[in-house]
Amino acid sequence: MMRRLRLNRHLTERLGFISLTLMAVVTVVPIVAVVIYILSQGLPAISWEFLADFPRDGMRVGGILPAIVGTFYLTIGTAVFSVPLGIAAAIYLSEYAPDNALTRLIRIAIINLAGIPSVVYGLFGLGLFVLFLQFGTSILAASLTLSIMTLPVIISTAEEALRAVPQPFRTVSVSLGGTRWQGIQRIVLPQALPGILTGVILGLERAAGETAPILFTGAAFFLPRLPNSPFDATMALPYHLFVISTQVPEMPPQIQYGTALVLLVFVLGMNLVATTIRSRARARRQW
Amino acid sequence: MADKIIIENLSLTYADGVESLRNISLNVPENAVSVLFGPAGGGKSTLLRCLNRLNDLTEVRASVGRILIDGENILDPKTDVIALRRKVGMVFARPVVLPMSIRQNLTYGLELAGENRKSRLDEAVERSLKLAAIWDEIKDRLDDPAIALSGGQQQRVCLARVLALQPEIILLDEPTSGLDPISTGKVESALQELKKEYTVILVPHSVQQAARTADYAAFFLQGELVEYGEGKTIFTTPREKRTEDYVTGRFG
Amino acid sequence: MEKTLNWREFLITRLVRASGYSAIVFVALIFFFLLREGLPTLGEVPISTLLSLRWYPIENYFGILPLVTGSIMVTLGATMVAVPFGIGTAVYISEIAPRWMREILKPLVELLGGLPSVVLGFLGILVLSPFVRTLLDLPTGLTALTGSLLLGGIAVPTVVSIAEDALDSVPRSYREGAWALGATRWQTIWRVTLPAAKSGVLTAIMLGVGRAIGETMTVMMVTGNAPVLAVTPGSLFSPVRTMTATIAAEMGEVANGSIHYHTLFFIGMVLFIISLAVNVAASSVVFRSKQRAERVLS
């Protein structure tokens, strides 16, 4: 009787473990498959002409240069606004904020910013930046919209990195006659820098891959030239992929896969840089 | 001997309502080692942290009384706390070296104060390391990360880091609690040298250390100053029964 | 010297604090602009029209029910995919997987979180939807089901990472206690670890659902975009249109200030309120359980 019970228990455990393992495999395999599939289908499209030329003949021939450059501009533009603001907000939360209702409200606001649907950001950007502030459909309006969307990612990862720096460093700095900011500037920030950078890149990676927030704030269907001011609209890789896979009939699949590949490399490249910084910094940490 | 610090009727309550010091009055003479001892939670560390206003970092609800250093009340809101902390240095229980080289650890305080002349900085590094009795051990690797040193060496670097600022008063909060006996001996003998120039206040990590090092000793129990006097007297013929019970090991 | 130092310190402290408050300002601004552009709808479109079953803006039919049911249908489907696979993967990573496996799985799941949704939508059109069509013998592969499968995939990383954090923070002593009483690892997972991590797992599910409701590009590309009421199980296999996809598809072509424009903002406002509710609920679960933990510890 006892023996059978135990056998059953172990059989259940066995079956349970196997099914959980299968679930994890089913979750992960498609990710790998997606990446490999796009790599294999897209590689043949990649050529110098594809990367460095303008689209021609209704975008069915030629390259995707304006989309690459546009995504680059948008990412830089997003960084210009969101990085300083996000890091400063993280410093406030980790180093200055008292434990009170207002601080809790800030945290709830950040959680909410992270949860707002990306297309709603697009509406907001249209309402505030494009129309109300009259920036028009432009790189500026799109970058500002993406910045606010990216902010919660940067704030929360940067705050985590700042909090990981041991508290006694701050006390020692103060006891040696330093002001609070001197301690932050000379010890806390440099120590937290790799973690902050990781968060910044992961945030910008999301911004670079987003389509919905730029749909009505800065993305252009087709431009025969590169944008030359922040007030110009721009093509962008994710929007271009959307356009050529849904809006243009009889699009050669090779160009579609090629575009998807370039976008994927752009985004995964950033991801790789971020994770490399993180693991390097962990190995070198002095505390 | 002149009194460097005069504490008058100091009481202190934390924000959560815990009273940690009750009506303390105490005169600390200069050029001597004064020891604050007693069981944990007696208020020794709190008092130490009042002397350089490090308590500002935690939430103190109320403090009454005065602390006079060289005749000036440092609890006055108008006190320049930055200048105060340069004048009153502190060594903590655990050695906390900053995540940089040994040399940078030593010059950190001076650089915060705006000193950037290399000759001055080098001079301060050598002088303070010699005072902390560690110069010979580490003079050849000043640019190594400070974290690579042993615990005992780190604590002496922390002491040297305070000395580099040329303070007048040095506070030590159980500075040898994590150290081996040899390192402890080195720190203690450094203190005996230091008192010739500085006012030293030590919270020891044992009664034995208190007895070994004290010129003057103050016994704290639950936020109260029970007895204060010359070290010789306190550890041989104390007036108070509670002091006697503690130093003879009946509790604590 | 001291003076300039204090002045700098003062300025920096103010700037840093203002940045901290900016998060509140942005949420308020977003809500304000959605209200400003969305509320006029209530004056322009009769409530009865708004709650009708027909969305055909060119002829002034602004019934949002098909869009709401479309969103619910696709989100429910996505939840059915994301919750079991997300929690299962989280349990596997935190409780069963050997260390090296964990080191491979975690970055891979993170990678999935970083894949642009437009790439998944693109593959949905080219690969998944033909597969769904031939497998189920449907007239089109662009259905709620296709959207649900992809959305489930998109929500999985959110569920995994939060649930795994929650499982990870269950003290080891709980598990050791259960093992000491003779429980198998399997029993420990179900009767000790998961219940102990309940609030975190709940948060993971809620935020996963929130992620799915708000997703735009993928659903717009693969669900077929037909604004029909989706309430029967059968509508899972036909085209639907979600709230997010409607905004994304139509906002580019409307005249600013028109009824259609206001109505799209109104839909955005509804989405904003849903995400606000989900996130406030999720974070209050976290806050409450944290407080409980603090009480137990002190």
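This is a predicted model: local features need pLDDT of at least 70, side-chain atom pairs count only at pLDDT 80 or more; totals for chains, interfaces and linings use all residues.

1. Chain C and chain A bury about 6800 Å² between them, and carbon and sulfur atoms account for 80% of that area. Buried area here is the accessible area, taken with a 1.4 Å probe, that two parts lose on being put together, summed over both. The contact draws on 74 residues of chain C and 76 residues of chain A, where contact means heavy atoms within 4.5 Å.

2. Residues are numbered from 1 along each chain as its sequence is written, chains are lettered from A and ligands numbered from 1 in the order in which they are written, and side-chain values use heavy atoms, with hydrogens and water left out.

3. Between chain C and chain A there is 1 salt bridge, the term denoting a side-chain nitrogen of Lys or Arg within 4 Å of a carboxyl oxygen of Asp or Glu. C:E110 and A:R278 form a salt bridge, with 3.3 Å between the closest N and O atoms. Polar contacts between chain C and chain A number 8 residue pairs, both residues at pLDDT 80 or more. A polar contact is a pair of N or O atoms within 3.5 Å; within protein, one must be able to donate a hydrogen and the other to accept it, and residues adjacent in sequence count only if both atoms are side-chain atoms.

4. On the side of chain C that touches chain A, several helices each supply at least two residues, including α1 (2–38), α4 (65–96) and α13 (259–297) of chain C. Helices are DSSP runs of H or I, at least four residues, numbered from the N terminus. The largest share of this side, 20 residues, belongs to α1(C). By class, the side of chain C that touches chain A holds 49 nonpolar, 19 polar and 6 charged residues. Ala, Val, Leu, Ile, Met, Phe, Trp, Tyr, Cys and Pro count as nonpolar, Asp, Glu, Lys and Arg as charged, and the others, Gly among them, as polar.

5. Chain B meets chain A through 21 residues of chain B and 18 residues of chain A. About 1800 Å² is buried between chain B and chain A, 69% of it on carbon and sulfur atoms. In chain B, the residues losing the most area to chain A are B:P99, B:Y108 and B:L112, together 33% of what that side buries.

6. The interface of chain B and chain A has 1 salt bridge. A:R186 and B:E111 form a salt bridge through their side chains, at 3.8 Å from N to O. The side of chain B that touches chain A comprises 16 nonpolar, 1 polar and 4 charged residues.
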